[in-house]
Amino acid sequence: MAFNTTSGLMSPDSLPSLDERYEEGRAQREHSPRATLATLAERPASYDPVARLMWQGESRVAQLLPIRYQRMLVNPLAFYRGCALLMADDLARGPSTAIEVQICGDAHLSNFGVFSSPERQQVFDVNDFDETDVGPFEWDVKRLVTSTAIASHYLGHDAHQQETIAVDVAKEYRRAMQRFARETRLDVWYSTLDVDAVMKDLHGFLADHAMQRVNAVIGGAKSQDSAKSYGKMVNNENVRPRIRLQPPLINALGDTGSSPAMSEVLDRVLDGYKATLSSDRRELLSQFVPVDVARKVVGVGSVGTRCYVMLFVGRDRDDPFFLQFKEAQSSAVSLARGRSSPLQPGERVVHGQKLMQATPDPFLGWHTLDVKGVSQSFYVRQLYDNKASVIIEQLNESLLVAYGRACSWALARAHARSGRSAEIAGYLGKNDRFETSVTAFALAYRDRNQSDYLELQSAAKQGRITVAS
């Protein structure tokens with residue numbers, strides 16, 4: 001019986017036990033055997049990856065697309081960062097489980113990093129949510145593991161090394177999910193992913209020498225200071241502080257396709273965004289005054305979406321604060337699956353980040369507005385908050401393994417916050433079938449990514465796309 005007839009409260013006897021939740025996950029293997037996770041579906045003969053990227057660019061600022069292609073053509077790993085839509089298309093064509101959670105949608109190695117929590121602790125977590133949506137949990141795992149295989153190949157590792165690294169990263173997800181499945185809801189929800197906690201929690205799964213390597217990678221990223229980042233972006237030589245322009249990456253409004261009227265749009269976004277903040281954050285924000293705004297190019301795959309930075313000052317001109325206003329569009333996950341999110345794009349990003357991150361930015365918010373008959377949705381966050389990321393290209397084999405496992409652990413914890421950790425753990429099981437299947441997929445996708453990368457190179461040589469010089 002679901003409810004007590006006298007109080008209307010649910011009876012705990014009606015809740016499935018932990019074993020029953022595990023069994024529900026195991027039952028999913030009948031419909032989606034773990035071996036099928038190795039399958040990389042064939043593309044239709046008419047599928048053109050370059051045309052698909054060009055189609056995606058049609059909704060973006062045309063003047064910025066050459067920068068996007070320039071960044072994607074740096075190497076196959078950079079290309080992979082920009083091709084979330086291509087991979088989502090491929091995943092949607094193949095077999096998927098019915099175990100859906102809030103996923104990152106773009107969980108590659110470079111989308112994890114170190115940043116400051118509201119309590120000013122250094123935390124390690126997923127840090128990019130432009131493509132977040134509800135989807136099969138394994139889509140994130142496949143994208144992460146594939147990124148390790150591509151990185152390993154790019155770093156010159158042989159085939160055996162690439163396979164071993166991919167297996168280790170996938171195995172870490174399975175082991176971590178087994179651990180999170182046994183924790184209470186509140187333990188999962190409130191556990192803090194500060195850097196010291198990452199070290200402590202991974203210690204049960206990694207040998208001491210491996211722990212030292214993880215600490216070397218993540219600890220090395222801890223030293224970044226947002227004050228230095230602010231200093232590089234603020235010009236104090238004028239009567240009032242101004243954003244230091246760095247064309248073509250940081251431009252005044254009116255350049256690179258933006259309109260001077262965009263400042264009015266951003267004022268409207270700022271007003272609407274404030275309503276999505278908690279009352280205490282609105283009070284804190286009210287103590288800052290906006291003094292300048294500029295357009296900024298960020299990332300790889302998101303280049304071309306409208307992105308602006310607004311400079312505020314608080315106590316005085318020596319108290320700068322930046323907010324980033326970034327346009328949100330339909331996620332690659334929803335585009336590939338032909339489904340629309342019930343949330344506005346900016347709200348979708350904010351909802352996903354707050355659900356998946358242990359300590360989301362306290363200034364995270366969103367607003368959607370109508371601009372000349374066209375709906376534009378933005379999410380807003382702090383531009384810098386002691387952020388630091390690991391430079392994947394500078395890792396050796398052992399550091400790549402250690403860092404990949406740390407990312408996999410963090411991803412499992414983010415998925416566990418959706419409340420289906422026991423079902424996922426039951427599906428994954430206790431043997432190595434999951435990681436061997438995901439690794440087979442990752443190695444196959446490594447080759448497809450290389451092929452797509454070469455096609456983009458060819459398109460650039462043929463003049464089909466324009467690449468910034």
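Here is a short tour of a predicted model, one selection at a time.

**Stop one: E138.** Start by selecting E138, which you will find in helix α6, residues 137–154. Which side chain of opposite charge is nearest to E138? That is K142, 5.7 Å away. A salt bridge needs a charged pair within 4 Å, so E138 has none, although E138 is buried. Now show the surroundings: apart from residues up to four places away in sequence, E138 touches L37, S96 and T97.

**Stop two: I99.** Next, select I99, in the loop that runs between α5 (84–93) and β1 (100–103). Is I99 buried or exposed? I99 counts as buried because its relative accessible area is 0%. Beyond its neighbours within four places in sequence, the contacts of I99 include G135, P136 and F137, and also R420, E423, I424 and Y427. Q28 is another contact of I99.

**Stop three: helix α16.** Select residues 397–416 to bring up α16, a helix of 20 residues. From first C-alpha to last, α16 reaches 29 Å, close to the expected 28 Å. Colour α16 by accessibility and you will see a mostly covered helix, with 18 of its 20 residues buried.

**Last stop: the cysteines.** Pick C407, buried with a relative accessible area of 0%, and then C83, also buried, at 1%. How many disulfides are there in the whole structure? A search finds zero.

Notes. Residues are numbered from 1 along each chain as its sequence is written. This is a predicted model: local features need pLDDT of at least 70, side-chain atom pairs count only at pLDDT 80 or more; totals for chains, interfaces and linings use all residues. Side-chain values use heavy atoms; hydrogens and water are left out. Helices (H or I, at least four residues) and strands (E, at least two) are DSSP runs, numbered from the N terminus. Buried means under 20% relative accessible area, exposed over 50%, partly exposed in between (1.4 Å probe, protein chains only). Lys and Arg count as positive and Asp and Glu as negative; His and the chain ends are not counted. Contact means heavy atoms within 4.5 Å. The expected span of a helix is 1.5 Å times one less than its number of residues. A disulfide is a pair of cysteine sulfur atoms within 2.5 Å.
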